[in-house]
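Dear colleague,

Please find below the structure that I am handing over to you.

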Amino acid sequence: MAIADAHISTTLATYLKRYPEEAAALVEPTRLLRQGRDFASRRTFPMHVTVGALLVRDEAEILLIEHRAYGLLLQPGGHLEPEDTTLIDAAVRELVEETGVDAATVVPVSLAPVYVEFGQVPARPDKGEPDHYHLDFGYAFTTTLAKVGRIQKSEVTGAGWYPLPAAERLVGPRIARAVSAPGRTV
């Protein structure tokens, strides 16, 4: 069963309680979520939900991928699938699919997202997608044992571990949140 809009809305509300200073940047997705339009489906426009996974190893490095379509270094992540039941589980699935990391070596830092970003995505006519928005929920994980395995070559051209300061310069402040997330469970 696909992730329900109610789960997405509740997760966003929990995030905004933790980071109320971000409410203004998330007004539009909050408004759209109230419409209840199956935001777990990548075919829902003008917005649908995606997830990201920030995997930190030994509090010193983070796993990043080279995204094939965008040509950028990013955290692993992507669209929700019909079999996903929670956003955090979808983030683990994307992490494993794209990097080949063994899910058994990954522990959530927090059950709540460490970032939520609302961003415009350019049209991809080859996929029948107009300009639209992603509401991206990012989760932090930690590991001491994870190794990059077989990457998902259809979406990723490479994956590797980057020192946290370098990763933050490349990807942005969400990297620091992966290490300093409130409510750490580990």
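**Asp89 and the basis of the values**

Asp89 is partly exposed, with a relative accessible area of 43%; buried stands for under 20% relative accessible area, exposed for over 50%, and partly exposed for what lies in between (1.4 Å probe, protein chains only). Asp89 has its place in helix α3. From Asp89 to Val56 the C-alpha to C-alpha distance is 17 Å, and the two are 33 residues apart in sequence. Helices (H or I, at least four residues) and strands (E, at least two) are DSSP runs, numbered from the N terminus.

Please note that this is a predicted model, in which local features need pLDDT of at least 70 and side-chain atom pairs count only at pLDDT 80 or more, while totals for chains, interfaces and linings use all residues. Residues are numbered from 1 along each chain as its sequence is written, and side-chain values use heavy atoms, with hydrogens and water left out.

**Salt bridges**

The structure holds eight salt bridges, a salt bridge being a side-chain nitrogen of Lys or Arg within 4 Å of a carboxyl oxygen of Asp or Glu. One of them is formed by Arg177 and Glu22, whose closest N and O atoms are 2.4 Å apart. Arg177 belongs to helix α5 (residues 174–180) and Glu22 to the loop between α1 (5–18) and α2, so this pair ties together parts that are 155 residues apart in sequence. Both Arg177 and Glu22 are buried.

Arg174 forms a salt bridge with Glu117, with 2.9 Å between the closest N and O atoms. Because Arg174 lies in helix α5 and Glu117 in strand β6, the pair ties together parts that are 57 residues apart in sequence. Arg174 is buried, at a relative accessible area of 13%, whereas Glu117 is partly exposed at 31%.

There is also a network: salt bridges that share partners join Asp84, Arg93, Glu94 and Glu97. Within this group, the closest N and O atoms of Glu94 and Arg93 are 3.1 Å apart. Glu94 counts as buried at 4% relative accessibility, and Arg93 counts as buried at 14%.

**Asp136**

Asp136, found in strand β7, is buried yet has no salt bridge. The nearest side chain of opposite charge is that of Arg174, 6.0 Å away; for charge, Lys and Arg count as positive and Asp and Glu as negative, while His and the chain ends are not counted. The side chain of Asp136 makes a polar contact with the side chain of Tyr115 at 2.8 Å, and it reaches the backbone nitrogen of Val51 at 3.2 Å. A polar contact is a pair of N or O atoms within 3.5 Å; within protein, one must be able to donate a hydrogen and the other to accept it, and residues adjacent in sequence count only if both atoms are side-chain atoms.

**Backbone**

Most residues other than glycine have a negative phi, and most peptide bonds are trans. A cis peptide bond joins Phe45 and Pro46, with omega at about 20°; Pro46 has its place in the loop between α2 (27–33) and β1.

Asp58, which is not a glycine, has a positive phi of about 55°. Asp58 is found in the loop between β1 and β2 (61–67) and is partly exposed, with a relative accessible area of 48%. Glu59 is found in the loop between β1 and β2, and its phi is positive, near 50°. Glu59 is exposed, with a relative accessible area of 54%.

**The largest pocket**

About 750 Å³ of space lies in the largest pocket. Of the 34 residues that line this pocket, the closest to its centre are His67, Tyr70, Leu74, Gly78 and His134. Two or more lining residues come from each of β1 (47–57), β3 (72–74), β4 (77–79), α3 (87–99), β6 (115–121) and β7 (132–143). Strand β6 gives the most, with five residues.

By class, the lining has nine nonpolar, 12 polar and 13 charged residues. Ala, Val, Leu, Ile, Met, Phe, Trp, Tyr, Cys and Pro count as nonpolar, Asp, Glu, Lys and Arg as charged, and the others, Gly among them, as polar. A pocket is an open set of points on a 1 Å grid over the protein atoms alone, where a 1.4 Å probe fits, with protein on both sides within 12 Å along at least five of seven lines; lining residues have an atom within 4 Å of a point. Grid points are joined across faces, edges and corners, and a volume is the space filled by probe spheres set on the points.

With kind regards
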